[in-house]
Structures are given as C-alpha cells and as structure tokens.
Amino acid sequence: MTNLLTIAFTAFFIENVLLYQFLGICSFIGVGKKRSSSLGMGLAVVVTIILAGMATWAIYRYVMEPLEIGYMKTIVFILVIAALVQMMETIIKKFSPALYKALGIYLPLITTNCAVLGVAITNITRDYSFAEMLVYSAAIPLGYLFVMYIYAIIREKLELNPVPKAFRGVPIAMILAALLAIIFSRFGGLI
Amino acid sequence: MDFKAVRENFFKGFVKENPLFVTVLGTCPALAITTKVENAVGMGIALFFVLILSNLLVSLVTFRPKLRALVMPVRIPVYIVLIATLVVITEMLMEAFLQPLYVTLGVFIPLIVVNCIIFGRAEAYASDHKPLESMVDGAGMALGYTMAIILISLFREILGAGTITIWAQGNANVVLDLHFIYDFLGIAPIDMFAKPVGAFVTYGLILAVIAAVSNAKAEKAKIAAAGVKK
C-alpha cells in the first residue's frame, strides 16, 4: 500500500509529467491559455491515459511478451492509442452529445500528445504490476490536469498585465512554467 | 530544379522556418534532453535519420496519382505506421551501437513517433512534393532543429555543469572542461540550469531574444518604407 502511495505521490508532484518529464508540452503551451479549455483537455487526457495504459499493458503482458516481440511495442502502442482515441470519440458522440461538445475538439489532438505514449512505455520499462500501472496511469494525468489548470489561471491574469513586447506569447509562457517548475521541484524533499 | 531552389529549400529550416524557434514544434525533447550537448547531438542524429526517410516514404506513397487517391483518405494511419517503423529501426540501431546514449535519451527515442515536426513535415511538405525535394527539406529541417537544441544545451551545460560534452561514447571522449573560468571567478556552476527549471528559462529567453531581434528588424523596415514614401 505504501508502495502505491509513493508511486502516486511521486507521479503527481515530484515527477510531474509537464514540469519534470517534459511530456505534452505542446498542449501545455497551446491549450493552457484558458481555464475552460485546460479543464476540457485535462479531463480528456485523464480518461485516455488510464484506458490506454490498461490496454497497452494488457497487450504487452499477454500477447507481446509470450510471443517475444517486445521490440514492436512502439508501433503497436501508437496504433492502439490511435484506435482507442477514435473509438472513444465515436462512443462519446453516440451516447453523450453534451460531453462530446465539451471534449470533442481535444480528442483528435490527444493521439499526438506525447504524454499518452510516454506513460504507456514507462509502464513497461519500469515493469509495473497491474495495480502499480493503474495508480501510475491515473496519477500522471491528474498531475497534468492540476498543473495545467493552475497555469491557465495565471495566464488569464497575465493577459491583463503589460508584458514586455519581446516576451509576449510563448517566451513569457516558458518563464511562467519555469517558476512553476521551481515550486514543484521542492516537493522532492518530502520523500 | 535548379541549384538555387535546392539551396533555399535546404536552408529554410535553419533560420526562416526553424522548427523549434519559429514554428515552436518538437518542444518536449528540446526541453528534456538538453542537459548535455552530447544528448542534443544524439537526438539530432536520430531525428535526421527518421525525418529524411519519413519524408521520402511519405512523398513516395503520395507521389503517383493512383496511389495518392488510395492513400489520401487514410493518410494519418499510413503515416503513423511508416514513421513508427522508422523509429523502431532507429531504436534498435541506437541500442546496438550507442548503448549509453540510448539509455540517457530513454523514452524520447520512441517518442519521436509523436514528434510534431515529423508529422508536420509529412503533412505540410512531403505529401505534395517530389521525393528528392522532400528529402532535402527533411535534411534541412532536421539540421535546423539539431542546431537549435545544441544551442539550448550549450547554454545549459556551460552554465549548469561547467563542461561541454561534445561526444563521449565508447573510446571517443571529447569533453571541454570550463571549470577554470568558474575557478577564476571564484563561483560554482549554477546548478539550476541542469534542472528542468533551466530548460524553461533558457528556451524562454532565447525565444524572447529572437522576438526582440525580429521586432527591431520589422520596425526598421517600417521606417525605411515610410522614408521611401516621403
């Protein structure tokens, strides 16, 4: 149990997917401008990473390992993720048009979000058991959602302030991310 | 296709359309692995290989009209499979010949599959240009990107660790030690630049400098144009 808690805490704070592992930075800079869109993207990423983590873990453990084709994991995982995202889109569209309206535009972007493939591969390279994999695949995207939401709040406030001309847009967003990274790097002392 | 057009096609990836500094693509590896110059060189080599061949393959499958009509409706899965195959080959080659580098770069080698630069070039350039032109474009883009990440890692390694590790694989050991400068000044290297914070700060400041320079240039052009009008 403590093991699982450690994994969850480390994945959420210390090895934060955006501020420590640098996965999914494109969406962080692009979508993290507004609170509403960061929430939508974050939730879509949470659902996708948990489902993709389970699917790729099961395929690796029960199909690829017995057949000794572990080296194919990059190709298989990206195809599984692409298919999964497509499937999710279809299912959500059919059963919940309201949810589709909220998440719809973010879903196609997720296939190329490196966090999804990154978590799937990390689950395998760290040799996680099913429970560990599940905790890790949930804590990582929740950390993503948390940081992205804080970031969006600050950036909304930033819009109202006079930023030097050269820093407008991406440069100030990077400096802001650096400040958040300083805060999050201090969580390392807790474990 | 004359020489000048080829040259322009090749060099546009360096400054005018630099993937990292102008179009802001492929930021994840640029921030994550730039703690050492050597890592940036290794990432550059891997990306160079994948981007040239993926551009070639994509333009080959979309070049002939008949094949193009077949591929276009399902082009995204087709591109994914092509790119992923190339990445797996790169992964295997690096694991065999550059083992320590392969371990350091870790998850970022398989993540080349979802690197926006490769998809971007396939979609924006290779899908409607000739195979040879696409390869030149890929080479220019990959070298421009490599140059950009080497620049970031130069700042981070000099400031963060006080060394420049150009290549330290196998028997080669090309490491420039700059600690004497720090000794002379009586200070220690700034640890922060080797940490994730340093990546964001360095990249942000470089982008700001580029924006300042291009702003100044635009201003000058404006004044010159106004002067001509008078």
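1. Thr104(B) counts as partly exposed in this predicted model, because 16 C-beta neighbours lie inside 10 Å; the buried class would need 20 or more, and the exposed class 12 or fewer. The residue sits in helix 6 of chain B, which covers residues 99-105. Arg7(B) is 97 residues away from Thr104(B) along the chain, and 35 Å separate the two C-alpha atoms.

2. On the interface: 31 residues of chain A are in contact with 33 residues of chain B. On the chain A side, the elements giving two or more residues are helix 2 (25-31), helix 4 (73-95), helix 7 (114-125) and helix 9 (170-185). Helix 9 of chain A provides the largest share, nine residues. By residue class, the chain A side that touches chain B holds 25 nonpolar residues, five polar and one charged.

3. Within chain A, helix 3 (residues 35-67) packs against helix 7: the two axes come within 9 Å and cross at roughly 35 degrees. The crossing of helix 3 of chain A with helix 7 of chain A is right-handed.

4. The residues behind this helix contact are as follows. Helix 3 of chain A contributes Val45(A), Thr48(A), Ile49(A), Ala52(A), Gly53(A), Thr56(A), Trp57(A) and Tyr60(A). From helix 7 of chain A come Ala115(A), Val116(A), Val119(A), Ala120(A), Asn123(A) and Ile124(A). Ten of the contact residues are nonpolar and four are polar, with no charged residue.

5. Helix 7 of chain A therefore deserves a look from both sides: helix 7 is listed among the elements that give two or more residues to the side touching chain B, and helix 7 also makes the contact with helix 3 of chain A.

Definitions and conventions: Residues are numbered from 1 along each chain as its sequence is written. Chains are lettered from A and ligands numbered from 1 in the order in which they are written. This is a predicted model: local features need pLDDT of at least 70, side-chain atom pairs count only at pLDDT 80 or more; totals for chains, interfaces and linings use all residues. Two residues are in contact if their C-beta atoms, placed from the backbone, lie within 7 Å. Helices (H or I, at least four residues) and strands (E, at least two) are DSSP runs, numbered from the N terminus. Ala, Val, Leu, Ile, Met, Phe, Trp, Tyr, Cys and Pro count as nonpolar, Asp, Glu, Lys and Arg as charged, and the others, Gly among them, as polar. Axes are lines fitted to C-alpha atoms, for helices over the stretch in contact, and angles run from 0 to 180 degrees between N-to-C directions. A crossing is left-handed if the near helix is turned anticlockwise from the far one by less than a right angle, and right-handed if clockwise.
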